[in-house]
Amino acid sequence: MAVIRVTGNIGSGKSTLCRELAETFKYRYHYTGGIMRDLAAKAGLSIADFYKQLHENPAKEKEIDNYQEDLMTKNDNLIVEGRMAPFLGCAFPTVNIFLKVNREEAARRLQRRQENQGKKVEEITQMIDERENMERIRYRELYGVEDHLDEKDPRFH
């Protein structure tokens, strides 16, 4: 009985891994990115524009993370995917997984997503850099986490 928390670089295969883990272990799977995509669609925004809004209004993201943390304090047998998942509280034993991928491979993977059809690798790489920089600022302000993409962080060992 545990909570498996998965984070890592954009385009690293987190969702694929989480779906496979959930199926293998018969755990429930909670996907923060899915919540954000749903919220973006409801607001009539692209996911890129939604992320920019989060940068301007970090409290919105904090609500999503609070929901995720609440799940991890009340439920085990859970797979949680999200940038902040390993940094949030959990009442159960945890396994933290960090997935890393180089920028070009991440961009090629992201080209397959509907919202990125027709975009060049260079465009997507720039989008990744911008998003990760905005995330670093938000997570520093919201949680005091200096670099959420530091795979050397002790939470991942």
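The following conversation goes through selected features of a predicted model.

Student: What kind of model is it, and what pLDDT do local features need?

Tutor: The model is predicted: local features need pLDDT of at least 70 and side-chain atom pairs count only at pLDDT 80 or more, whereas totals for chains, interfaces and linings use all residues. Residues are numbered from 1 along each chain as its sequence is written, and side-chain values use heavy atoms, with hydrogens and water left out.

Student: Where is His-30 found?

Tutor: His-30 is found in strand β2, residues 28-31. Helices (H or I, at least four residues) and strands (E, at least two) are DSSP runs, numbered from the N terminus.

Student: Is His-30 buried or exposed?

Tutor: His-30 is buried, at a relative accessible area of 9%. Buried means under 20% relative accessible area, exposed over 50%, and partly exposed in between, with a 1.4 Å probe and protein chains only.

Student: And what does His-30 touch?

Tutor: Not counting residues up to four places away in sequence, His-30 touches Ile-35, Tyr-67, Gln-68, Leu-71, Ile-79, Val-80 and Glu-81. Contact means heavy atoms within 4.5 Å.

Student: On to helix α2. Which residues are buried there?

Tutor: In α2, residues 32-42, the buried residues are Thr-32, Gly-33, Gly-34, Met-36 and Ala-40. Their cover includes β2, α3 (47-56), α4 (58-74) and β3 (78-81). Gly-44, with a positive phi near 70°, follows α2.

Student: How do α2 and α3 pack?

Tutor: Their axes are 9 Å apart and the angle is about 100°. Axes are lines fitted to C-alpha atoms, for helices over the stretch in contact, and angles run from 0 to 180 degrees between N-to-C directions. α2 and α3 are therefore roughly perpendicular to each other. Angles under 35 degrees count as roughly parallel, over 145 as roughly antiparallel, 65 to 115 as roughly perpendicular and the rest as oblique.

Student: Which residues meet there?

Tutor: From α2, Met-36, Arg-37, Leu-39 and Ala-40 meet Ile-47, Phe-50, Tyr-51 and Leu-54 of α3. The residues of this contact divide into 7 nonpolar, no polar and 1 charged. Here Ala, Val, Leu, Ile, Met, Phe, Trp, Tyr, Cys and Pro count as nonpolar, Asp, Glu, Lys and Arg as charged, and the others, Gly among them, as polar.

Student: How about α5 and α6, at what angle do they pack?

Tutor: α5 and α6 pack at about 105°, with their axes 9 Å apart. That makes α5 roughly perpendicular to α6. Among the residues making the contact are Arg-103, Ala-107 and Leu-110 of α5 and Val-121, Ile-124 and Ile-128 of α6. The contact residues divide into 7 nonpolar, 2 polar and 5 charged.

Student: Changing topic: what volume does the largest pocket have?

Tutor: The volume of the largest pocket is about 490 Å³. Of its 28 lining residues, the closest to the centre are Lys-14, Ser-15, Tyr-31, Glu-81 and Arg-113. The elements that give two or more residues to this lining are α1 (14-25), α2, α4, α5 (103-111) and α6 (121-143). The lining residues divide into 7 nonpolar, 8 polar and 13 charged.

Student: What counts as a pocket, and what is a volume?

Tutor: On a 1 Å grid over the protein atoms alone, a pocket is an open set of points with protein on both sides within 12 Å along at least five of seven lines, and lining residues have an atom within 4 Å of a point. Grid points are joined across faces, edges and corners, and a volume is the space filled by probe spheres set on the points.

Student: Which element gives the largest share of the lining of the second largest pocket?

Tutor: α6 gives the largest share, 6 residues. This pocket has a volume of about 240 Å³ and is lined by 17 residues, with Ile-47, Ala-48, Tyr-51, Lys-119 and Met-127 nearest its centre.

Student: Last topic, then: where does Lys-26 lie?

Tutor: Lys-26 lies in the loop between α1 and β2. Although Lys-26 is not a glycine, its phi is positive, about 60°. Lys-26 is exposed, with a relative accessible area of 67%.

Key
1 Å grid on protein atoms, 1.4 Å probe; cavity = no way out; pocket = protein on both sides within 12 Å on 5 of 7 lines; lining within 4 Å.
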